[in-house]
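Subject: Structure handover

Hello,

Here is the structure we talked about. Please open it alongside this email; my notes follow below.

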Amino acid sequence: MTRAKTKASQIKAWKKDIAGLTYEEATQALDLILAELQSDSVPIADLQDRVLHGEVVLDHCEALLRSVEQSVLQLDPDSLIETSSLTDPNNPTELNNA
Amino acid sequence: MTLSADRIPTYSVGELNTAIGSLLERGFAPRFLLEATVSRPQVKKGHLWLTLTDGTASVSGVVWASRLSQLSYRPTDGDGVTVVGKLNFWAARASITVQALDIRPSLSTVLRQFEQVRQRLEEQGVINPGRQRSLPTQPTTLALLTSVPSSALADMLRTGRERWPMTRLLVIPIPVQGPVADEIIKVLNRLAERCDALAVDGLVLARGGGSREDLAVFDDEGLCRCLAQFPRPVVTGIGHEDDLTIADLVADHRAATPTAAMVACLPDRDSAERSLQNRRQRMKDLVGWRITRDRQRLNDRRTLLAQQSPLKRLRQYQDDMHQKRDLLRALSPSRWLQRGLALLTNDAGEALTAVTSIKVGDRIMVQMNDGELETDVQIIRPASNQSKT
């Protein structure tokens, strides 16, 4: 396997690892990488890998921030079971003043 | 205008009362609002009878039992109220009573209730700034309790989307005006039981603007105790900026408006983006600094290695030797002999440094710059100028 292919598969694995992380968890992972870089614990030979890993986590954080779709669910007040998804909050059909 | 006798209508009492009733029915609004102070309220056979007065004029009032059970507010003597009423006219006695369809406390009554509840809850420690919990920095799920649909909800959803779309919002419709405290309490209790299951990190209780009297439900003591015991941090956004309710006082954070409540609960996406950019730059800087520093260390080692080469060390030894030779020369007595001084020694080769160690007739050696002399001592003159022969 060539070095480029190895790198690509490594990046793919990193992306898979962080896919389920929340923004808070992802920023914690990023700060961990930054702390390692700052503490000299990373050998020079591994620097590039660690930076690449950081870039992947940063891209994940930015993608989360750019997401425009917010999950808004309406629950029934008696059962607290979901009754509808308020996907377009800009266009409520009827408004009152309250 | 003069009235002739044949134009004056003639009634029986019953007819007169019926005519008055008919006139009132035609000429008086079917429903009206009446601002008044309640006097001598008393329940008789399930109906609430009271006198409504403005201090000068008064009129009887009644809340029928069927309506009384629906009222959220039961007036007491001296309460200022706004009555939604209609006229009841009893033809048999020609008596007029205001039938109250709804009674709402006036602003003064609302504020008095506010102060009473506040005092009680403060005394019991329910209102206590020291027990306020901190809000989650990045909540996963927020529960929004407000009227649906409403402009307040639309504002909150818009703010949520703009600030932090990653937080899931659970909208739970509640009534926000009138005798609805019990309904809100039920929802709060249900939600409190299911906070873990729904992963709720915080609660926003919100209501759009209205008159202070409209917000009176949020002064309800039971509702506010329930809010104080809610297992997650509570943020209120009720009414306008100037409105303060008991719910605001027991909440962990009081926001001036529903929109402000969302701002308080959610991080700012723009500042988070700036923070990410700073981290990206910091990562580049750290790598740059690390490479620069390691390169500097490498150069230092190269210099150190060069200093350890055999040729370099040989030169160093030579330099040291030259320095020692120069020092030796500087300290040699030949420098003194060259300047005309002589070195005296006795037969034993010991240096003579004082006339007291020499006797007349002794043989002494005189070492000069270019040779030696041997001579016998004939006269000794100590420094005190006393000669000895």
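Which residue of β7(B) is the bridge partner of A:V72? B:L169 is.

First, the ground rules. This is a predicted model, where local features need pLDDT of at least 70, side-chain atom pairs count only at pLDDT 80 or more, and totals for chains, interfaces and linings use all residues. Residues are numbered from 1 along each chain as its sequence is written, while chains are lettered from A and ligands numbered from 1 in the order in which they are written.

The strand pairing
That bridge joins two chains. Strand β1 (residues 72–75) of chain A pairs with β7(B) in the parallel sense, over three bridges. Strands pair if DSSP finds at least two bridges between them.

The interface
On chain B, 43 residues are in contact with 37 residues of chain A. Contact means C-beta atoms, placed from the backbone, within 7 Å. Four elements of chain B each supply at least two residues to the side that touches chain A: α4 (151–163), β7 (168–173), α5 (181–193) and α10 (269–307). The largest share, 12 residues, comes from α10(B).

Chain A
Chain A has three helices and two strands. The pattern along the sequence is α-α-α-β-β. Helices (H or I, at least four residues) and strands (E, at least two) are DSSP runs, numbered from the N terminus. Of the 98 residues in chain A, 17% are buried. Buried means 20 or more other C-beta atoms within 10 Å of the residue's own, with C-beta atoms placed from the backbone.

Best wishes

Terms used:
Two residues are in contact if their C-beta atoms, placed from the backbone, lie within 7 Å. A residue is buried if 20 or more other C-beta atoms lie within 10 Å of its own, exposed if 12 or fewer, and partly exposed in between; C-beta atoms are placed from the backbone.
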